[in-house]
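Okay, thanks for coming, everyone. Let me put the structure up, and then I'll walk through a few spots in it.

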There are 2 protein chains.
Amino acid sequence: MKKIITPSLGYALPVFVLVRPQLAENIGMVARAMMNCAIYDLRLVCPRENHLSDKAISASSGAAEILEKATVYKTLEEAIADMHFVLATTARPRGMTKDVFHPTLGMATMKEKLSQGQKCAVLFGAERTGLENHEIIASDGIIEIPLNPLHSSLNLSQAALLVGYEWLKTTQLGQDNSRNEMGGSHPATKSEVDNFLKHLENELELKGHFRFFDKKERMKRNLRNIFTRNALTSSEIKTLYGVINDLTRKEKHD
Amino acid sequence: MKKIITPSLGYALPVFVLVRPQLAENIGMVARAMMNCAIYDLRLVCPRENHLSDKAISASSGAAEILEKATVYKTLEEAIADMHFVLATTARPRGMTKDVFHPTLGMATMKEKLSQGQKCAVLFGAERTGLENHEIIASDGIIEIPLNPLHSSLNLSQAALLVGYEWLKTTQLGQDNSRNEMGGSHPATKSEVDNFLKHLENELELKGHFRFFDKKERMKRNLRNIFTRNALTSSEIKTLYGVINDLTRKEKHD
């Protein structure tokens, strides 16, 4: 079993509170989504089914520790008694005076509070009915996940996943990982690319590719642009030398 | 049954391609996640189970139209033949020279391509095995969803939901909906708040609340700060007048 490693972020993590969840399977799937997003503290208010049942454990798919460490409360009041800042997730506006947060802003705000030493929680309501109005009033604000207005019903674990994902994005773990994968090779230097292109041009010259003198420069430019645009690696340059060598070979290799 | 309304964004929407999906239930759940995120075009390459089975329709939970309109292909090559820009989702680096996109950047890039009139698709691999290397090579880049490295396995529909959610965030539907909900009331004007505070101070003065003269101004400042900080509405001001009237009432109302 994997050990829960609490990342040393220098501040506490948010707590997820499921209020009156109905199905053990959903509780397990929420635990899985929390684990995906490096959130480990689960609280349950009046769960209808046992969160340690086989169904729940199996649905958690490797996140059983979160279920085992989860704490159960009789009322929401008790579950959030030690919290300083609580956001309630809702699918629709409730006509009450409250700050409504996009998940991105909600989690950024929560991170700010956490880094000030405040304890923070996100509330998720029951599968069908969501949170009741008095439970939303007990919160400091609302997270409204923007979805297709024609079809905004989300499974409980999907709501937890989206909020958790936005949390993760505020941390090092979820930040921009965009990059160019080099497959273990290095990007080619400009001179490697240039030498290759000169070699290619030479071979083409020999074959009469540039026989229309007035087009020669443009043809070279276009050709160079094809190969400089896509950030070749050193090993790809080697591949291309091999291609040209074989294309220019007079006899078939056997 | 709800009608699929294609939003008039002025450009086409991305296509989701499931490559060798195994379970009908998962296909249905992907359709539901797509509908949540206003993505409607689903293509299936060699699905093991029938995407129009009862299981799939039931799991789609109201997104049956997407399943009914889905098209099935024998090979990935056929499924993406008409596409200009394709991103493959993977859970782990594959050691090949490819652009790797965070979902946010991947969907922003895809939106840019779509708005140039390019057709775009996102590939999702089979439940256990993911996409094969040759399928990733056929793509223009990789989307890598950042997750807890200790537990990064995502259900197929959850991967589709996260990518779809990032798509939706690039459109009007998913943009910042943060606001202060007024519950049908208006924010109070400065003079409404000021008049209320003067009334409160008057009542407190009468009760001797400010009897320590040297603290009077600071007490008033602190009190004002409590009520000005939280953006009261006109109707909340009325509520507070009622509270003060009743607190200052000499006899119990019956």
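This is a predicted model: local features need pLDDT of at least 70, side-chain atom pairs count only at pLDDT 80 or more; totals for chains, interfaces and linings use all residues.

Residues are numbered from 1 along each chain as its sequence is written, chains are lettered from A and ligands numbered from 1 in the order in which they are written, and side-chain values use heavy atoms, with hydrogens and water left out.

Let's start with that exposure scale in chain B. Arg48(B) is exposed, at a relative accessible area of 54%, and Glu49(B) is partly exposed at 28%. These two form a salt bridge, with the closest N and O atoms 3.9 Å apart; by salt bridge I mean a side-chain nitrogen of Lys or Arg within 4 Å of a carboxyl oxygen of Asp or Glu.

Over all chains, the search finds 24 salt bridges. Another one in chain B joins Arg224(B) and Asp194(B), at 2.9 Å. Arg224(B) sits in helix α9 (213-229) and Asp194(B) in helix α8 (190-206), so the pair ties together parts that are 30 residues apart in sequence. Helices, by the way, are DSSP runs of H or I with at least four residues, strands are runs of E with at least two, and both are numbered from the N terminus. Over in chain A, Asp194(A), Lys198(A), Glu201(A) and Arg224(A) are linked in a salt-bridge network.

Now, what about helix α1 of chain B, residues 24-36? Its 13 residues reach 19 Å from first C-alpha to last, close to the 18 Å expected at 1.5 Å a residue, where the expected span is 1.5 Å times one less than the number of residues. Of those 13 residues, 11 are buried, so α1(B) is largely enclosed by the rest of the structure. What do the buried ones pack against? In chain B, the partners are β1, β2, α2, α3 and α7, and there's also α7 of chain A.

Speaking of phi: most residues other than glycine have a negative one. Chain A has some exceptions to show you. Arg20(A) has a positive phi of about 50°, and you'll find Arg20(A) in the loop between β1 and α1. Ser61(A) also has a positive phi, near 50°, and lies in the loop between α2 and α3.

Finally, the interface. How many residues of each chain are in contact? It's 59 from chain A with 59 from chain B, contact being heavy atoms within 4.5 Å. The area buried between them is about 4,700 Å², and carbon and sulfur atoms give 49% of that; buried area here is the accessible area (1.4 Å probe) that two parts lose on being put together, summed over both. Across this interface there are 4 salt bridges. Glu144(B) forms a salt bridge with Arg179(A), where the closest N and O atoms are 2.8 Å apart. On chain A's side, α1, β5, α5, α7 and β8 each supply at least two residues, and the largest share, 8 residues, comes from α7(A).

Notes
Buried means under 20% relative accessible area, exposed over 50%, partly exposed in between (1.4 Å probe, protein chains only).
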